[in-house]
Amino acid sequence: MYRTFLLSHARCWDADSKRSYQDLFERLDTNKDGKLDVAELRAGLKAMGIFRQGAAQKIVSSGDQNKDGSLDFKEFSQYLKEHEKKLRLTFKSLDRNNDGRIDASEIQQSLAELGMDVSRENALKILQSMDIDGTMMVDWNEWREHFLFCPAHNLEEIIRYWKHSSVLDIGDSLAIPDEFTAEEKSTSVWWKQLASGAVAGAVSRTGTAPLDRMKVFMQVHSSQTNRINLVGGFKQMILEGGLASLWRGNGINVLKIAPETAIKFMAYEQFKKLLSSEGKKIETHKRFMAGSLAGATAQTAIYPMEVLKTRLTLGKTGQYQGMFHCAKQILRKEGIKAFYKGYVPNLMGIIPYAGIDLAVYETLKNTWLSHHAKDSANPGVLVLVACGTMSSTCGQLASYPLALVRTRMQARASLDASDQPSMSSLMKKIVAKDGFFGLYRGILPNFMKVIPAVSISYVVYEYMKTGLGIS
């Protein structure tokens with residue numbers, strides 16, 4: 001009674017009361033036109049202390065039945081009722097002992113089943129962000145209040161803030177593929193995301209192609225006795241073939257994105273089914289295994305295109321009339337085996353790249369969650385991009401010597417047909433001649449292209465998603 005008459009705004013929320021929805025709607029409807037648009041909802045949520053990027057847009061698009069770009073009271077209340085039903089189901093799935101409360105061990109167990117290992121300390125931090133009464137347990141009312149205006153309605157969506165996405169294209173496609181929810185797979189979202197990623201990769205690779213060609217040039221031709229610097233290398237390329245020669249080999253590098261992405265995605269889904277038990281979520285180590293095997297399958301299928309890319313990149317003006325002419329020349333002079341030169345070091349490079357990439361990303365993610373995740377698990381664009389860039393760079397650094405040996409083996413037949421060393425003997429030869437750092441020739445242009453490549457791919461990906469209608 002005290003709360004109702006003297007503190008009306010602090011009245012307890014009643015999910016079944018139409019009046020509660022009416023009061024909330026009136027508070028959010030600032031211009032009193034009987035409708036809520038995205039701007040009103042965003043401002044209203046901000047005033048209520050709810051800061052969730054993209055939430056207002058997603059709520060309106062989900063609840064807008066007549067597609068007029070706003071919610072009337074009927075649509076608003078219907079959305080909240082449906083959303084609460086989904087939240088109730090998620091709450092029940094988390095509440096393992098059916099005591100009406102969620103504790104830290106239940107959060108740990110549920111996230112582990114989704115393939116996400118979380119420490120006790122981090123589970124308590126997640127719990128603390130939802131806990132209103134300080135009991136370090138979350139009941140239904142606290143759960144509902146926390147997620148009522150969060151469009152995510154199941155645990156997979158809630159933790160997808162921190163999904164490790166392969167959208168950031170830095171030129172090497174060795175990372176573990178993206179995860180898609182069952183809902184995304186049943187709709188057109190999954191292929192739209194893959195298509196957006198492919199276009200972003202194509203634009204990103206084209207934008208950084210001169211640096212990529214310089215990297216390959218230095219990997220093959222640079223040595224202790226024949227030092228090649230960036231300025232001198234670019235001058236030499238432009239003098240030999242003009243400005244357009246800086247993009248030599250880029251066509252096939254872009255062309256191989258689509259088949260590689262498709263094969264990797266399909267193979268990943270099949271390997272996950274083989275490695276996980278029926279009806280259970282895949283654990284982190286099995287996900288890593290499935291991702292590595294999928295990467296190996298995709299690389300095996302498109303590897304001849306990798307060899308063609310290296311040969312075209314190193315080719316002189318007029319040597320090849322195009323990729324088909326290049327393929328014919330290799331087949332006629334060197335035979336079918338030439339299309340798989342350097343295949344073993346390439347395959348061996350997948351494990352350190354994908355493993356270190358995943359491990360560094362998980363470490364950075366847990367560090368951020370430990371120190372900065374107070375009100376939300378959403379780290380924001382800059383943190384996600386920075387973590388993705390750093391983890392990919394570390395993965396590249398670990399697998400770079402194998403990438404250099406692969407490139408030299410791919411180019412070796414065209415340079416000297418009589419000298420075809422094995423992977424180990426070539427590595428020994430490089431170390432003996434140029435020292436350990438000889439295995440890192442071309443690392444500078446490789447690192448220089450990371451930041452522009454990541455920036456371009458992220459911006460293009462976001463524009464593509466908007467264009468294809470993914471909110």
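## One leucine and what lies around it

Author: Start at Leu 71. Set aside residues up to four places away in sequence, and Leu 71 touches Phe 25, Gly 34, Lys 35, Leu 36, Ile 59, Val 60, Gly 63, Asp 64 and Phe 76. Keep in mind that this is a predicted model.

Now widen the view. Leu 71 is among the residues with the most contacts inside the largest nonpolar core. That core has 17 residues. As background, nonpolar side chains tend to be buried together in soluble globular proteins.

Next, look at two loops. Lys 67 is found in the loop between helix 4 and strand 2 (70-72). Is Lys 67 buried or exposed? Lys 67 counts as exposed because its relative accessibility is 64%, and the cut-off for exposed is over 50%. The backbone of Lys 67 deserves a glance too. Its phi is positive, about 55°, although Lys 67 is not a glycine. Asn 98 also has a positive phi of about 55°, and it is not a glycine either. Asn 98 is found in the loop between helix 5 and strand 3 (101-102). At 65% relative accessibility, Asn 98 counts as exposed.

Move on to a pair of helices. Helix 11 (residues 189-207) and helix 15 (residues 257-275) cross at roughly 145°. Their axes come within 10 Å. The crossing is right-handed. Which residues meet there? From helix 11 come Trp 190, Leu 194, Ala 198, Gly 201, Ala 202 and Arg 205. From helix 15 come Ile 257, Thr 261 and Phe 265. The residues of this contact divide into 6 nonpolar, 2 polar and 1 charged.

Stay with helix 15 for a moment. Glu 260 has its place there. Glu 260 counts as buried because its relative accessibility is 2%, where buried means under 20%. Along the chain, Glu 260 and Gln 299 are 39 residues apart. In space, their C-alpha atoms are 7.3 Å apart.

A buried arginine comes next. Arg 408 lies in helix 19 (residues 381-415). At 10% relative accessibility, Arg 408 counts as buried. What is Arg 408 in contact with, leaving aside its neighbours within four places in sequence? The list is Gln 219, Val 220, Ser 222, Leu 426 and Ile 430. Gly 342 sits 66 residues from Arg 408 in sequence, yet the two are 7.8 Å apart, C-alpha to C-alpha.

Phe 437 is another stop. It lies in the loop between helix 20 (423-434) and helix 21 (443-448). Phe 437 is exposed, with a relative accessible area of 66%. The C-alpha atoms of Phe 437 and Pro 401 are separated by 9.2 Å. Along the chain, these two are 36 residues apart.

Last, step back to the whole protein. It has 22 helices and 4 strands. Of its 471 residues, 47% are buried. Take the contacts with a separation of 6 or more: 69% of them join residues 24 or more positions apart. The protein exposes about 23,700 Å². Carbon and sulfur atoms supply 60% of that area.

Note on methods: Residues numbered from 1 in each chain as written. Predicted model: local features only at pLDDT ≥ 70, side-chain atom pairs only at ≥ 80, totals over all residues. Heavy atoms only, no water. Axes fitted to C-alpha atoms, helices over the stretch in contact; angles between N-to-C directions. Left-handed = near helix turned anticlockwise from the far one by under 90°. Contact = heavy atoms within 4.5 Å. Nonpolar A, V, L, I, M, F, W, Y, C, P; charged D, E, K, R; others polar. Buried < 20%, exposed > 50% of the residue type's maximum accessible area, 1.4 Å probe, protein only. Areas by Shrake-Rupley, 256 points an atom, 1.4 Å probe, with all protein chains shown as cover. Core = buried A, V, L, I, M, F, W, Y, C linked by side-chain atoms within 4.5 Å.
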